[in-house]
Amino acid sequence: FMSTLYQLHSTMDNLKRSTHQLALTWNRGDSILLLGTTVAFIDWLKAYLSGNDIEDVAAIYALAEDISQLGDDTATNLNPEAKVDKILSDTEWVQLTQSSQFNKVVTIAL
């Protein structure tokens with residue numbers, strides 16, 4: 001069983017459209033990596049995922065570097081550690097994209 005790693009890089013304005021694009025090729029067991037400020041919209045993303053019938057997400061990842069860019073207050077209020085499956089270093093990100101568990105890596109940035 002091979003799965004896709006979707007790298008989602010979206011502003012709040014485009015998040016709904018990006019999630020719709022993701023839904024077009026989604027398969028159960030795929031994973032999502034939030035890039036840039038997308039991690040700040042994790043709650044909205046989860047609502048949009050269910051609204052697009054995207055189910056059985058294997059994992060949602062975020063980058064430590066992106067979380068550090070949010071600012072202390074935002075990061076504290078957002079509590080990304082509780083909302084993503086794993087926070088990755090840049091090295092772990094590269095390893096993840098090269099992992100044999102994924103047959104493809106798709107970046108969605110609208």
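Contact here means heavy atoms within 4.5 Å, and the model to which this applies is a predicted one.

Q: Which residues does Leu22 touch, not counting residues up to four places away in sequence?
A: Leu22 is among the three residues that touch the most other members of the largest nonpolar core, alongside Ile32 and Leu34. With residues up to four places away in sequence left out, the residues that Leu22 touches are Tyr6, Ile32, Leu49, Ile54 and Ile108.

Q: Which element gives the largest share of the largest nonpolar core?
A: This core holds 22 residues, and the elements that give two or more residues to it are E1, helix H1 (12-25), E2, helix H2 (42-51), E3 and helix H4 (72-78). The largest share, four residues, comes from H2.

Q: What is the order of the strands in the open sheet?
A: Strand E1 (residues 3-9) pairs with strand E2 (residues 31-35) in the parallel sense over five bridges, and within this pair Leu8 stands opposite Leu34 in E2. Strand E4 (86-88) and strand E5 (102-108) each pair on one side only, which makes them the edge strands. The open sheet, of five strands with parallel pairing, has the order E4-E3-E2-E1-E5.

Q: What angle does the direction of helix H5 make with that of E4?
A: The sheet on which helix H5 (residues 90-97) packs has a twist that averages 25 degrees from one strand to the next. Helix H5 touches E1, E2, strand E3 (60-63), E4 and E5. Its direction makes with that of E4 an angle of about 105 degrees.

Notes: Residues numbered from 1 in each chain as written. Predicted model: local features only at pLDDT ≥ 70, side-chain atom pairs only at ≥ 80, totals over all residues. Heavy atoms only, no water. Pairing = 2+ DSSP bridges. Axes fitted to C-alpha atoms, helices over the stretch in contact; angles between N-to-C directions. Core = buried A, V, L, I, M, F, W, Y, C linked by side-chain atoms within 4.5 Å. Buried < 20%, exposed > 50% of the residue type's maximum accessible area, 1.4 Å probe, protein only.
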